[in-house]
Amino acid sequence: MRITIISALFLLASLNLNAQADYGNKGAAKYSLGDYTGAIQDFNKALELDPDDGYRYYLRGNVKSDLGDKKGAIQDYSKAIELGPTATVYHLRAITKRDLGDNRGAIQDYSKALELNPHYAEAYYNRGNVKSDLGDKKGAIQDY
């Protein structure tokens, strides 16, 4: 059987996608087992193979946040939002911004999460906490 150039390119592309998924899955497994360094290494490899995978940026952001690299987490959450915004990623970026003392930025991200999912109770609660910290008691009560 003769392999054409097109079928060879298709085979290489599918192998690349499989490798990307494998690294991503390994990274997620390592993260769940507490191997944060290994998880980041695998997510890095997955993102080298597919730099447009917002879900892997989101996962790597979680690992970075857990490691205390809040600025790195925000960068990854921001990239994930750029590639495909979700209420969950906005919410996590808001939490991380609050951890860094950026309360105004946190409120903006909680609000964006609520635009995307108006039934996101945890985002209302967390935004209420930030508003309360800033002295906006009425706004906090509305969120609660």
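# Helix packing and ring pairs in a predicted model

In this predicted model, the axes of helix H3 (residues 54-66) and helix H5 (residues 87-99) come within 11 Å and cross at roughly 20°.

Me: Why are H3 and H5 called roughly parallel to each other?
Reply: Their axes cross at roughly 20°. Angles under 35 degrees count as roughly parallel, and therefore H3 and H5 are given that name. The crossing of the two helices is left-handed.

Me: Which residues make the contact of H3 and H5?
Reply: From H3 come Tyr58, Asn62 and Ser65, and from H5 come Thr88, Val89, Leu92 and Thr96.

Me: What makes up this contact of H3 with H5, in terms of nonpolar, polar and charged residues?
Reply: Three of the residues are nonpolar, four are polar and none is charged. Tyr, Val and Leu count as nonpolar.

Me: How many aromatic pairs does the structure hold?
Reply: The structure holds three aromatic pairs. One of them joins tyrosine 31 and tyrosine 36.

Me: Why is the pair of tyrosine 31 and tyrosine 36 called tilted?
Reply: The ring centres are 5.5 Å apart, and rings pair if their centres lie within 6.5 Å. The planes stand at 40°. Planes under 30 degrees apart count as stacked and over 60 as edge-to-face, with the rest tilted, so this pair is tilted.

Me: What makes tyrosine 31 and tyrosine 36 count as partly exposed?
Reply: Tyrosine 31 has 22% relative accessibility, and tyrosine 36 has 26%. Buried means under 20% and exposed over 50%, with partly exposed in between, so tyrosine 31 and tyrosine 36 count as partly exposed.

Me: How do you know that tyrosine 125 and tyrosine 144 form an aromatic pair?
Reply: Their rings are 5.9 Å apart, centre to centre, and the limit for a pair is 6.5 Å. The angle between the planes is 45°, and the pair is tilted. Tyrosine 125 lies in helix H7 (residues 121-133) and tyrosine 144 in the segment after helix H8 (137-143), so the pair ties together parts 19 residues apart in sequence.

Me: Why is tyrosine 125 called partly exposed?
Reply: Its relative accessible area is 48%. Exposed means over 50% and buried under 20%, so tyrosine 125 is partly exposed.

Me: Where does serine 111 lie, and why is serine 111 called partly exposed?
Reply: Serine 111 lies in helix H6 (residues 103-116). Its relative accessibility is 22%. Buried means under 20%, so serine 111 counts as partly exposed.

Methods. Residues numbered from 1 in each chain as written. Predicted model: local features only at pLDDT ≥ 70, side-chain atom pairs only at ≥ 80, totals over all residues. Heavy atoms only, no water. Axes fitted to C-alpha atoms, helices over the stretch in contact; angles between N-to-C directions. Helix = DSSP H or I, 4+ residues; strand = E, 2+ residues; numbered from the N terminus. Parallel < 35°, antiparallel > 145°, perpendicular 65-115°, else oblique. Left-handed = near helix turned anticlockwise from the far one by under 90°. Contact = heavy atoms within 4.5 Å. Buried < 20%, exposed > 50% of the residue type's maximum accessible area, 1.4 Å probe, protein only. Phe/Tyr/Trp six-rings, centres within 6.5 Å; stacked < 30°, edge-to-face > 60°.
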